[in-house]
Amino acid sequence: MDHSSNAHEAAAASGGKCPIDHSAPAARTVVPSSSLPMVEMARLRQVLSIWARPEPFLKSCRAKYGSRFRVQIIPGIRIHVISAPEDVKSMFLAPRDVLHTGSSNGPIEKWTGQNGLAWLDEDAHTTRRRSVMPSFRGDALKRIEQAVGRLAKETVASWPRNQVVSVHPFAHRYTTKVIMEVLFGEHRPSNEDQMFEEVMKMLDFNSRPASMTMFHRMPAWRVKLLRLLRPNGVNEFLTRRERVYRMVDAAIEERARSGAAGDDLLGVMLGITNADGSKPSRIEMRDEIMTQFLAGTETTAAAICWALEFLTQHPEVVRRLRAEIEKGAGDEYLTAVVHEVLRLGPPIQQIVPREVVKQVEIGGVRYEPGDRLWASAYLLNRDEHNYPQPDEFRPERFLGVKPASHTWIPFGGGHTRCLGDRVAFVEIKATLTEILSTCDVERADAKPEYAHSRTVVNIPRNGARMVFRPRKVKAGLAAG
């Protein structure tokens with residue numbers, strides 16, 4: 001049947017107006033989230049894949065299922081991985097009462113408690129974030145920058161020379177010293193040295209598989225049983241955590257008694273007065289400090305390791321970096337290098353999931369309350385539509401180009417974007433500048449190290465094994 005002929009005849013009969021509205025947009029198809037493909041793999045195997053070999057797991061899922069798929073890693077929780085830029089952008093722009101992040105922080109509760117910024121949503125999150133922001137910006141950032149410059153020189157100078165070392169433990173101690181500056185500023189607690197060492201020992205637990213379990217939500221009898229199984233590290237972690245809690249509580253009390261003001265995190269929190277006239281509780285202060293001991297140190301230490309992992313494979317990049325450093329006229333290329341490091345090796349490859357609390361449509365998919373949206377920084381940052389030759393280390397792609405907030409997300413995004421992003425940038429830049437100015441770095445192993453989970457972050461599997469040699473001549477990093 002000739003439908004076009006019939007339409008024209010109907011138009012003539014109706015005075016020349018076609019009954020079909022050709023200007024109307026085609027009806028959009030919206031599918032339920034339950035129709036998205038599910039990863040066909042046993043739950044335990046999925047968990048182990050994300051822990052041990054996250055990159056090949058994510059790549060294979062993207063190739064098989066596309067930019068949206070469901071994973072099964074927590075019983076009873078519907079987790080949807082998304083990696084299309086438009087989906088991520090819509091997620092970041094969603095109203096605060098539609099998507100929550102606080103409920104997704106269960107895996108880190110064992111460190112952070114439930115009273116810090118990471119656990120807040122909507123107005124409570126906005127108010128707390130606005131209150132503590134001064135400890136990461138403005139004059140506080142200038143103070144931190146000065147401390148970082150000094151710490152970078154002292155730290156890199158102390159690293160072993162002419163022997164193979166795993167960089168991560170050294171980088172982690174450095175970033176923890178920086179976070180002590182963020183937390184306490186000029187008013188250091190009298191137990192600072194003991195606290196620092198105990199925090200480092202406590203965070204060693206992150207390298208154990210047991211750190212992935214939420215034993216803090218288990219019945220007391222199960223936790224007691226886990227503590228008896230000493231090789232898993234649970235007993236040591238809990239013992240050390242209690243020591244750190246006591247030290248942090250003592251530091252808060254000591255500072256409160258002194259009355260010393262400051263733009264450090266503790267000083268800022270002690271000066272907060274809520275709308276109802278109340279003050280943050282000691283537990284809230286402690287939980288914010290514990291959050292920074294975890295999130296403010298692990299991520300930047302991982303980034304430093306990835307930077308060395310990539311740079312030692314690209315001596316031409318090192319030569320250009322050193323030329324810029326020696327010229328001393330700016331750091332445009334160094335900034336591009338850091339952007340590229342964080343694109344290729346985002347410390348947090350899957351950013352904090354968003355829990356759907358009100359039905360929402362994103363990218364033609366209708367997500368229901370209880371669904372979790374898990375944006376993949378790894379897949380997004382390696383999308384060939386956004387970055388040509390996405391697996392290649394090419395800092396030039398960021399020269400004169402500012403990364404878009406929905407195609408480059410190593411710090412997350414939206415209203416929950418990492419508060420310490422600027423501090424992290426300062427740390428990475430200062431460390432690389434000091435290393436390249438004073439050392440020649442050689443790879444211990446020619447083969448690249450793959451990503452391996454350290455609970456909240458991904459680091460090179462062996463912690464970036466390198467040899468630091470005193471720099472005597474102007475030469476690029478050896479490629480191994």
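I will start with how to read the model, then take the sheet, then the salt bridges.

This is a predicted model, in which local features need pLDDT of at least 70 and side-chain atom pairs count only at pLDDT 80 or more, while totals for chains, interfaces and linings use all residues. Residues are numbered from 1 along each chain as its sequence is written, and side-chain values use heavy atoms, with hydrogens and water left out.

The sheet is open, with three strands in the order E5-E13-E10 and antiparallel pairing. Strands here are DSSP runs of E with at least two residues, helices are runs of H or I with at least four, both numbered from the N terminus, and two strands pair if DSSP finds at least two bridges between them. At the edges are E5 (164-166) and E10 (439-443), each pairing on one side only. E5 and E13 (residues 465-470) share three bridges, and valine 164 stands opposite valine 467 in E13.

Now the salt bridges, meaning a side-chain nitrogen of Lys or Arg within 4 Å of a carboxyl oxygen of Asp or Glu. The count is 40. In one of them, glutamate 288 meets arginine 128 at 2.7 Å, N to O. Glutamate 288 is in helix H13 (residues 282-311) and arginine 128 in helix H6 (residues 122-132), so the pair ties together parts 160 residues apart in sequence. Glutamate 288 is buried at 5% relative accessibility, and arginine 128 is buried at 11%. Buried means under 20% relative accessible area, exposed over 50%, and partly exposed in between, with a 1.4 Å probe and protein chains only.

By contrast, glutamate 368 bridges to arginine 366 at 3.4 Å; glutamate 368 is partly exposed at 28%, and arginine 366 is partly exposed at 28%.
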